[in-house]
Amino acid sequence: MVPGMPDDQYLQRIGRLIRDSRKHRGWTQTQLATALGTSQSAVHRIEQGGQNLSLEMLTRISDALDSEIVSLGHSGPMHLRVRGGAKLSGSIDVKTSKNAGVGLLCAALLNKGRTTLRRVARIEEVNRILEVLNSIGVKTRWLNEANDLEIVRPAQLDLAAMDAEAARRTRSIIMFLAPLMHDHERFELPYAGGCDLGTRTVEPHMTALRPFGLEVKATGGSYHAEVDGDAVPDRPVVLTERGDTVTENALMAAARRDGVTIIRNASPNYMVQDVCFYLTALGVQIDGIGTTTLTVHGVPNIERDIDYAPSEDPIEAMSLIAAALVTESEITVQRVPVEFLEIELALLEEMGLDYDRSAEYPAANGHTRLVDLTIRPSTLHAPLDKIHPMPFPGLNIDNLPFFAVIAATAQGQTLIHDWVYENRAVYLTELTKLGARVTLLDPHRVYVEGPTRWSGTEVICPPALRPAVVVLIAMLAAKGTSVLRNVYVINRGYEQLADRLNLLGAEIETFRDL
Ligand SMILES: CC(=O)N[C@H]1[C@@H](OP(=O)(O)OP(=O)(O)OC[C@H]2O[C@@H](n3ccc(=O)[nH]c3=O)[C@H](O)[C@@H]2O)O[C@H](CO)[C@@H](O)[C@@H]1O
Ligand SMILES: C=C(OP(=O)(O)O)C(=O)O
């Protein structure tokens, strides 16, 4: 409760949050009413702030919307208050990637020896996977301030003890399928969660793993897996989609198979490359790393004590570049994995980006090419063609949302086409609350008309990581004070983003409800 705020104002504020949260789920008032066992008119009154709310009712609404509307105590949802308009300056290092982090944690299940991962991003997504690993008996330990992480799996995993709640909060749990196949004839996994980006099929995973003997039935909130230990792929495994996690699953299935497996239509993206380099260190020979055909020489029993250092996150790098451009600041973004940002940079150059790029140097994994980028205030204009993502090598699917906030600062109209996700483009319309002109043409395409005079306001985080960060970036540039509520989704993928932006001169305060 906000001290000094009259009850009716407080109710109106909660009502607005409930309405926003309901709309994020795409529900009508009637649908929410049905979920709560009440009437549409009662929901209408609640959203208008015209109805007293018991704590019990608030909890039910939060549960129905799967969003913590308000909470008591310090374990409640985290919010950010942003005083906009500050120029950023100085240098910032890009952290290692969320997506390699979670892929490697799953791949570590293949190794009966000790895995030490260097400088792992300490983010909520990693925490959820660690909770799942710990619940099934895997010992994990953060070793130091640098976030080195040690993982030791027991000979037998206790799958019955799996922390299903943690598993359901991440999509990465799907990457347990292949590692578990090697030692278990039968097992269950909770349905994969993660960002709410509309339907995300798991069918390509099933198709990819079937030749290795996996059959999965999805019922009652779980995948029921059965493994035919005698099955071997008798021809190349062709992925139906060039997806990142599906490629990692296929690699992990092939890694402990006694024989050679060819995987076609593999994703050569950054997190897949990190998993390949790790598997190579475990003694699994992989030919074709960085291409769409991977030839894997499996090793049935892997027991090695190894160290691996995943590479830096191209999506975090893109986020920081966007923050600099939108706030018209000069900052140096260090340790940028440039080979996974080349197309983004080429496009930004077309749009008028003014920047310097250092000579290349290798990442700690010995493979990925890094650079330091100094981004300068730039006069940007809209590109002539639409901006759309492609599987690597293409403009990264997760980088697309950052082009919306950049386009909003550029002169002219930009068409952004997210053909990949059913929902993500829709969340970009949140930018209109801060003054942007974003028009939704259909669930996949938005027009963004710039430049924008950003103005601060209160926004509840869209339930998707990148659009949420895009809103935060706009808040950094917005006049006045903004509030971004319920930032778990950001903490899922970024380590201490607010604190690190503050070191560059941003003015972001973290707070929780009383
Ligand atoms: C933990 C992790 O690594 N997550 C990343 C991974 O998720 P992940 O590998 O789980 O991505 P999905 O399997 O959900 O694929 C993303 C979307 O792309 C579509 N699709 C993908 C490839 C393709 O060739 N054709 C196609 O249509 C899928 O149908 C889906 O709608 O890849 C996504 C796409 O790069 C990223 O957004 C995620 O951050
Ligand atoms: C969509 C994303 O991640 P995930 O696959 O973890 O949901 C993302 O990183 O933007």
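Mentor: The residues of the shell around ligand 1 divide into seven nonpolar, five polar and six charged, where Ala, Val, Leu, Ile, Met, Phe, Trp, Tyr, Cys and Pro count as nonpolar, Asp, Glu, Lys and Arg as charged, and the others, Gly among them, as polar. This is a predicted model, in which local features need pLDDT of at least 70 and side-chain atom pairs count only at pLDDT 80 or more, while totals for chains, interfaces and linings use all residues. Residues are numbered from 1 along each chain as its sequence is written, and chains are lettered from A and ligands numbered from 1 in the order in which they are written.

Trainee: Which residues come nearest to ligand 1?

Mentor: Of the 18 residues around ligand 1, the nearest are Asn-99, Arg-242, Gly-243, Asp-244 and Thr-245, a residue being near if its C-beta atom, placed from the backbone, lies within 6 Å. Helix H10 (244-255) gives the most to this shell, with three residues.

Trainee: How are two packed helices described?

Mentor: Two packed helices are described by the angle between their axes and the distance between the axes. Here the axes of H12 (residues 314-326) and H14 (residues 400-409) come within 10 Å and cross at roughly 15 degrees, with axes fitted to C-alpha atoms over the stretch in contact and angles running from 0 to 180 degrees between N-to-C directions; helices are DSSP runs (H or I, at least four residues), numbered from the N terminus. H12 and H14 are therefore roughly parallel, the term for angles under 35 degrees.

Trainee: Which residues of H12 and H14 meet?

Mentor: Met-318, Ser-319, Ala-322, Leu-325 and Val-326 in H12 meet Phe-402, Val-405, Ile-406 and Thr-409 in H14, contact requiring C-beta atoms, placed from the backbone, within 7 Å. The residues of this contact comprise seven nonpolar, two polar and no charged.

Technical notes. Helices (H or I, at least four residues) and strands (E, at least two) are DSSP runs, numbered from the N terminus. Angles under 35 degrees count as roughly parallel, over 145 as roughly antiparallel, 65 to 115 as roughly perpendicular and the rest as oblique. Two residues are in contact if their C-beta atoms, placed from the backbone, lie within 7 Å.
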